[in-house]
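Biologist: I am new to this structure. Could you take me through a few of its features?

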Amino acid sequence: MNHEINVQSESVQDYSDLNEEAQELIKAAIEAREFAYVPYSNFKVGSAIRVADGSIIGGCNIENSAYSPTICAERTAACKAISTGNNEFKAVAVIGLQEKSFTTPCGVCRQFLSEFAKEDIPVYVTKPEPERVLVTSLSRLLPHSFNLN
Ligand code: THU
């Protein structure tokens with residue numbers, strides 16, 4: 001991601017007020033979440049990434065009995081995208097069912113995603129039955145991400 005400081009504003013919006021593209025991305029993340037493999041935490045997460053050609057690639061979290069090999073939904077989606085030739089991300093959605101908070105991407109996922117965002121990109125975070133949506137951005141979630149360039 002471009003390292004000039006460009007922290008976008010953040011808001012909580014009604015799903016029904018979002019544009020069609022954002023709603024479509026959220027729906028794809030909700031669908032991907034259904035495939036989550038979570039025998040240890042029982043906490044399903046879904047993610048979807050809009051890539052440069054406009055298509056959407058989804059992913060879910062995949063846990064492992066050795067725990068540390070577990071991969072988050074966001075990185076599953078990102079790896080699917082990159083390994084199919086889609087290395088420019090335009091928007092991300094994340095879905096988790098937490099009562100009191102939004103399931104925002106973990107620190108590792110923030111850094112991983114930032115590698116493939118040329119500029120700041122929107123991040124939509126909501127629940128499987130989306131009502132209120134946290135509309136934030138990658139640079140807001142991870143200002144000063146590490147970048148070797
Ligand atoms: N998890 C994600 O998939 N994405 C996040 O943003 C946060 C955490 C997963 C990892 C693990 O399978 C489960 O949620 C509980 O930490």
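Modeller: Helices of at least four residues and strands of at least two are DSSP runs, numbered from the N terminus. The model is predicted.

Biologist: Where does Glu-88 lie?

Modeller: Strand S4 covers residues 89-96. Glu-88 lies in the loop between H2 and S4.

Biologist: With which side chain does the side chain of Glu-88 make a polar contact?

Modeller: Leaving aside neighbours within four places in sequence, Glu-88 is in contact with Arg-50, Val-51, Ala-52, Phe-116 and Lys-118. Its side chain also makes a polar contact, at 2.8 Å, and the partner is the side chain of Lys-90.

Biologist: Is H2 roughly parallel or roughly antiparallel to H3?

Modeller: The axes of H2 (residues 73-82) and H3 (residues 107-114) come within 9 Å and cross at roughly 20 degrees. Angles under 35 degrees count as roughly parallel. Therefore H2 is, relative to H3, roughly parallel.

Biologist: How many residues of the contact of H2 with H3 are charged?

Modeller: H2 contributes Glu-74, Arg-75, Ala-78, Cys-79 and Ile-82, and H3 contributes Val-108, Cys-109, Phe-112 and Leu-113. Of these residues, seven are nonpolar and none is polar. The number of charged residues is two.

Biologist: Which residue has a polar side-chain atom 2.6 Å from an oxygen atom of the ligand?

Modeller: The residues around the ligand include Ala-73, Glu-74 and Thr-104. A polar backbone atom of Ala-73 is 2.9 Å from a ligand oxygen atom, and for a polar backbone atom of Thr-104 the distance to a ligand oxygen atom is 3.4 Å. The residue with a polar side-chain atom 2.6 Å from an oxygen atom of the ligand is Glu-74.

Key:
Residues are numbered from 1 along each chain as its sequence is written. This is a predicted model: local features need pLDDT of at least 70, side-chain atom pairs count only at pLDDT 80 or more; totals for chains, interfaces and linings use all residues. Side-chain values use heavy atoms; hydrogens and water are left out. Axes are lines fitted to C-alpha atoms, for helices over the stretch in contact, and angles run from 0 to 180 degrees between N-to-C directions. Angles under 35 degrees count as roughly parallel, over 145 as roughly antiparallel, 65 to 115 as roughly perpendicular and the rest as oblique. Contact means heavy atoms within 4.5 Å. Ala, Val, Leu, Ile, Met, Phe, Trp, Tyr, Cys and Pro count as nonpolar, Asp, Glu, Lys and Arg as charged, and the others, Gly among them, as polar. A residue is near a molecule or strand if one of its heavy atoms lies within 4 Å of it. A polar contact is a pair of N or O atoms within 3.5 Å; within protein, one must be able to donate a hydrogen and the other to accept it, and residues adjacent in sequence count only if both atoms are side-chain atoms.
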